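Okay, everyone, thanks for coming. Have a look at the screen while I bring up today's chain.

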Amino acid sequence: MKRLLSIALVCLLTRTASAETTQIDLGSEFEPFTYASAKAPTLDLVECCAKCRANAAASGTTKPWAFSLTQTSDYGTSLALPIGLTPANTLLAPAGNAAQAGILNNAQAATLGLLGNLGLAPVPPGTDAVGVFEDDFQFQTTGALSYQRQVGEFGTLTASYTYYQNLHPDVKQLDLMSHTPSVQYALKLTDRLTNATYYNYAYYFLSGSSFVTQNRIGNITTFRVNDRWDLAGGTNYANANFRNANYLNSDNYAGTLEATRYMDEARNNYVKVGYGAGYSDAALTGFAYMVNNGFITTRILYGDENRNELRLTGSYGRYDFKGLDPIQQTIYRADNIYNAGLFYGRKIADNVQLFAQYNYLKSNSNVARQLYNSDLISLGILYTR
């Protein structure tokens, strides 16, 4: 899954152009919840769409529209939702009855005998719930469409829509679909400094039913130190509204700092490192947490016309929960989440890339239902236009 999800789920198309048509890179994931919770991105939609526009400019044409489509076929072990999407991200079932496994919501809480734990009914707390970790194939589809136009001499307005779907042959409880429209305004303040403000709305469906909506507003500032270094900082606020689990509703606050070191004058190859922190203030304090995360990404293009792409990613996130765990009610939950990813892509045409990817996630937690390791092997194709 993508750094969306495995989202990846959602990508902002935040590449802009100045009055001199210089590409300004605002294509970063300023979201510590994402870095701490999901696997490395299969692709960078920001970068893909920027390349489309750059190719058009090189041919002497203008192209306000950009489109990308990705299809993957994957096999994963110990599958779960990204914890950045919901802190109740693993499948739960009554002890000894894995066939009733599901993601926690009001109906599943009744099946598990947890209504008292969550304050949904005046009954004693229950403990008859175990984590279920299944292996399965999955098929991911991501499509993104963006429109970009210049506003004045130094501003750029970008509107986009991203669609994501993840389907499983067997573990259908984790079938996920999202729709995400977004808008961004970027302003070139100086030759080196650019600021962008954005808003996006994401609507997620889980196993065919409404799951959660998220409204996010944020700001990103980038500073081009020189031809080899970029610095960036961002903040954002998001509200999550769960359709069948009001105790998970939350306000989320996040900030990230990032540095990019380019290895060549063309700024194709780079090492990017960063740190992010956030607070998710869930309605039930047992699901509220602080997260601190560090990440690193390395990308190398090589071969004839840079047709080969190699990308290495890694991150570590620490989740500290603020209230007693709703299920294991004697523990303050703490999760340490490690991610590592290896990506190889081969461009077979100007608009087509084939790729293979491996991702590893380790969730080391002091609560049993969050203790698992997950591997994901992916083969895919990317089309941009």
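So, pLDDT is the predictor's confidence in each residue, from 0 to 100. We need that because this is a predicted model, where local features need pLDDT of at least 70, side-chain atom pairs count only at pLDDT 80 or more, and totals for chains, interfaces and linings use all residues. Residues are numbered from 1 along each chain as its sequence is written, and side-chain values use heavy atoms, with hydrogens and water left out.

How confident is the predictor? The chain averages a pLDDT of 86, and 84% of the residues score at least 70. Over residues 1-30, though, pLDDT stays under 50. The model still has 130 contacts beyond four places in sequence for that stretch, a contact being heavy atoms within 4.5 Å. Residues 35-46 also stay under 50, with 72 such contacts.

Helices (H or I, at least four residues) and strands (E, at least two) are DSSP runs, numbered from the N terminus.

Now, strand β18, residues 372-384. Which strands does β18 pair with? Strand β17 (residues 352-365) runs antiparallel to β18 over 12 bridges, and β3 (residues 65-76) is antiparallel to β18 too, with 9 bridges. Two strands pair if DSSP finds at least two bridges between them. For example, Ser 363 has Tyr 372 of β18 as its bridge partner, while Gly 76 has Leu 376. Between β17 and β18 there's a hairpin through 6 residues.

In a regular strand the side chains alternate between the two faces of the sheet. In β18, the covered face includes Tyr 372, Leu 376 and Leu 382. The uncovered face includes Asn 373, Ile 377 and Tyr 383.

Next, Arg 307, in the loop between β14 (289-302) and β15 (308-324). Buried or exposed? Arg 307 counts as buried because its relative accessible area is 17%; buried means under 20%, exposed over 50%, and partly exposed in between, with a 1.4 Å probe and protein chains only. Beyond its neighbours within four places in sequence, Arg 307 contacts several residues, including Tyr 302, Arg 346 and Asp 350.

Last one: Ala 110, in helix α3 (residues 106-112). Ala 110 has 45% relative accessibility, so it's partly exposed. Its C-alpha atom is 9.3 Å from that of Leu 120, 10 residues apart along the chain.
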